[in-house]
Amino acid sequence: MAYLLFFYNILLIALFLLCTAAFLLLWRRERQAMFGWAAAAFGAYLADAVLVYLGEFVPGFARYYRATLYSEALLQVGLFLATMLCYRGFTAAALQDAARRWEWGAWLAAWPVCAAICAVPMTPLSTAVFYSLLACVGVYVAARGLLRLRAGGRPRPFLRGVLVWMTGCFAAYGVENLAWVLGGNSLAGLWPTLGQRWASIEIMSLGLGGACLVWAVRRILAAPAPEQGGAARMQAEAAGFAARYSLTRRESEVLELLLAGMNNQQIARQLYISVGTVKAHTHNIFAKTGFGDRAQLADAVRQGRNA
């Protein structure tokens, strides 16, 4: 059992490391905030997997890590909240669902509140309820993303599948915490240190990491990275042109992809919007700038001239 657990930990660490690297590469290449948030989320997963591995296979670290329940619980809760914040940032960037002031205030308040709760001696029941409430945060983030996706009417099956998977797993995590009070952690009977693991979180991590890694690798291979100097020059030209004609942020993004030679379908996939929305933004760009087609527009941007 010890060997299986060892290789399972190595598998998790390798999976999260690859996911973090893949989304960092996408973020550097495409400069889309959602990829940065995804990389940060998998980075938090990676940190948690490393801590669990050290706690299970390095006795000296385990003694230090579990010297007090407070230090262990505070670090686990902190990583959980950090991951949830990354998920929220991802959905906000991918679905144009920016958090309002009250929500940012709630996120900021959650850290000191959780730190204070972890410092108070807790019974098994109060601990289970506390972690179930944390699971509700995960359900809120994923379910909000689903509602926003449905309201937008955009066909994005992969993102919908990810959000449905997360919603179900976080709901199961909350139920599992409450069930722990009644019957204990079912994984603890297989191996003593498995008491700190939860089946729902393990299942969610493996499924989410595997699916996202495959998706990220396919996207990396599908779109070769542009030459760095040309990409920077094109971005600067597009930004100056957009400022001159008061284009919106989304119109500026569409303009940049138009200059890269993408068609409407490619732009829709790149920006996670419908083809109809791309056509609407393109029409607005032509109306604001006075140019009649993409070739004229591209020449004007590169030469820095007006219509």
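This is a predicted model: local features need pLDDT of at least 70, side-chain atom pairs count only at pLDDT 80 or more; totals for chains, interfaces and linings use all residues.
Ser246 counts as exposed, at 55% relative accessibility, where exposed means over 50% relative accessible area, buried means under 20%, and partly exposed is in between, with a 1.4 Å probe and protein chains only. Residues are numbered from 1 along each chain as its sequence is written, and side-chain values use heavy atoms, with hydrogens and water left out.

To stay with Ser246 for a moment, this residue sits in the loop between helix H9 (228-244) and helix H10 (249-259), and its phi is near 55°, a positive value in a residue other than glycine. As background, most residues other than glycine have a negative phi.

Let me turn to the chain as a whole. The protein chain has 13 helices and zero strands, both being DSSP runs numbered from the N terminus, with helices as H or I of at least four residues and strands as E of at least two. Of its 307 residues, 42% count as buried. Among contacts between residues at least 6 apart in sequence, 71% join residues at least 24 apart, a contact being heavy atoms within 4.5 Å.

What does the interior look like? The largest nonpolar core has 55 residues, and those with the most contacts inside it are Phe23 and Tyr87; such a core is a set of buried Ala, Val, Leu, Ile, Met, Phe, Trp, Tyr and Cys residues joined through side-chain atoms within 4.5 Å. At least two residues of this core come from each of helix H1 (2-30), H2, helix H4 (69-95), helix H5 (101-118), helix H6 (124-152), helix H7 (157-183) and helix H8 (199-222). Apart from it lies another core, of 23 residues, including Ala242, Leu255, Ile273 and Val278. Returning to Tyr87, and not counting residues up to four places away in sequence, this side of the picture shows Tyr87 touching Ala41, Tyr45, Val141, Met166, Phe170, Met204 and Leu208.

The C-alpha atoms of Tyr45 and Gly209 are separated by 9.4 Å, although the two residues are 164 apart along the chain.

That brings me to the packing of H2 on H8, where the angle is about 140° and the axes are 12 Å apart; axes are lines fitted to C-alpha atoms, for helices over the stretch in contact, and angles run from 0 to 180 degrees between N-to-C directions. H2 is therefore oblique to H8, given that angles under 35 degrees count as roughly parallel, over 145 as roughly antiparallel, 65 to 115 as roughly perpendicular and the rest as oblique. From H2, Phe35, Phe42 and Tyr45 meet Met204, Ser205, Leu208, Gly209, Cys212, Trp215 and Arg219 in H8. The residues of this contact divide into seven nonpolar, two polar and one charged, where Ala, Val, Leu, Ile, Met, Phe, Trp, Tyr, Cys and Pro count as nonpolar, Asp, Glu, Lys and Arg as charged, and the others, Gly among them, as polar.

How do H1 and H8 cross? Their axes come within 9 Å and cross at roughly 40°, so H1 is oblique to H8. Among the H1 residues that meet H8 are Phe16, Phe23, Arg29 and Glu30, and among their counterparts in H8 are Glu202, Trp215 and Arg219. Here the residues of the contact divide into 16 nonpolar, three polar and four charged.

Two further residues deserve a look before I stop. Glu103 lies in helix H5 and is buried, with a relative accessible area of 3%; leaving aside its neighbours within four places in sequence, Glu103 is in contact with Arg88, Tyr140 and Arg144. Phe57, by contrast, lies in helix H2 (residues 33-57) and is partly exposed, with a relative accessible area of 28%. Beyond its neighbours within four places in sequence, Phe57 is in contact with Ala2, Leu5, Phe6 and Asn9, and Phe57 and Ala2, 55 residues apart in sequence, are 9.1 Å apart in space, C-alpha to C-alpha.
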